[in-house]
Amino acid sequence: MRGVVATALLAFITYIIFTGSLTPYDLVTGVIVGVAIGLLVGRFLVENDAKALNPVRWAWGLVYFLWYFLVAEVKAHADVMRRIITGDIEPGIVKVPLKVKSEYARTLVANSITNTPGTVVVDVDEDYLYVNWINVTTDEPEEAKKEICEEFEKYAERIFE
Amino acid sequence: MSWVNYLIYAFLAVNITFNLLGSIALHRFPDVYTRLHGATKCTTFGTIFAVFAVAAHALYQLHVTGDAKYLQMTLHSFVALIALLLTNPVGAHAIAKAAHLSGYKPAKAVIDAYEEKLGGGKE
């Protein structure tokens, strides 16, 4: 029964957003669909029920979402816009050590890095991310980490680990 | 109409500016990896503002007419935004890795740690 509640809740919310109505018919259908999906795939999606339903983690997720869009994206975009216009680039692939271990946290860090302008993750293995960086300032993995993804990892740890 | 229209125009202008910069980046940058930066990131950021424009229009109409379908319109456009944010980087990872494995090395690269790994590692 692992993961049923969290998955069903998410499926139900998605269903209600898509139908856009709160009539009893839609609510009942949503509950049936949500529970069915939770029973089918919940055990694959969730490893730990207490973690998945912990509101503190969800709140950190929301904080992260807002911080990411209002601060991280804007800062990086301003930098890359300048580079596009001036053509002042120094590309290269650097190694970045990754501390978080859970699949979700690693996905979040990798996706955040790729979504921030100036960095694209090329590959990932057990301990390192390989990141194509548009303006390489250092080839030391630890230094590079400080500039690329330290903040992302902190949030990923709070949300998923 | 009112100030909401100007707000929508402003959002759309930002959207178009970023998409234009993305296209310029495609022409200016030297290889597939740096072009990915322009092609994926600038369009994502542009699309965020397109969604804001839709949301501004829909919320204003909701305020004027009180019709719940406009609230639904806002929610749907944000769902589209979240889907884009989740899928766009995955596509970028896939393209970058495929390009490297099929032999396109980064042009003018100052360092290529991934090449070192492939050369000295499992392959």
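Mentor: Begin with contact: two residues are in contact if their C-beta atoms, placed from the backbone, lie within 7 Å. By that rule Ala6(A) touches Val46(A), Asp49(A), Ala52(A) and Leu53(A), not counting residues up to four places away in sequence. This is a predicted model, in which local features need pLDDT of at least 70, side-chain atom pairs count only at pLDDT 80 or more, and totals for chains, interfaces and linings use all residues. Residues are numbered from 1 along each chain as its sequence is written, while chains are lettered from A and ligands numbered from 1 in the order in which they are written.

Trainee: Why does Ala6(A) count as partly exposed?

Mentor: A residue is buried if 20 or more other C-beta atoms lie within 10 Å of its own, exposed if 12 or fewer, and partly exposed in between; C-beta atoms are placed from the backbone. Ala6(A) has 19 C-beta neighbours inside 10 Å, so Ala6(A) counts as partly exposed. Its place is in helix 1 (residues 4-19) of chain A; helices (H or I, at least four residues) and strands (E, at least two) are DSSP runs, numbered from the N terminus.

Trainee: What makes strand 1 of chain A mostly covered?

Mentor: In strand 1 (residues 92-97) of chain A, 5 of the 6 residues are buried.

Trainee: How do you know that strand 1 and strand 3 of chain A pair?

Mentor: Two strands pair if DSSP finds at least two bridges between them. Strand 1 and strand 3 (residues 128-133) of chain A have 6 bridges, in the antiparallel sense, and Ile93(A) has Asn132(A) as its bridge partner. Strand 2 of chain A is joined to strand 3 of chain A by 5 bridges, also antiparallel, with Val120(A) opposite Asn132(A).

Trainee: What span is expected for helix 5 of chain A?

Mentor: The expected span is 1.5 Å times one less than the number of residues. Helix 5 (residues 103-115) of chain A has 13 residues, and its 18 Å from first C-alpha to last is close to the 18 Å expected. Its buried residues include Leu108(A) and Ile113(A).
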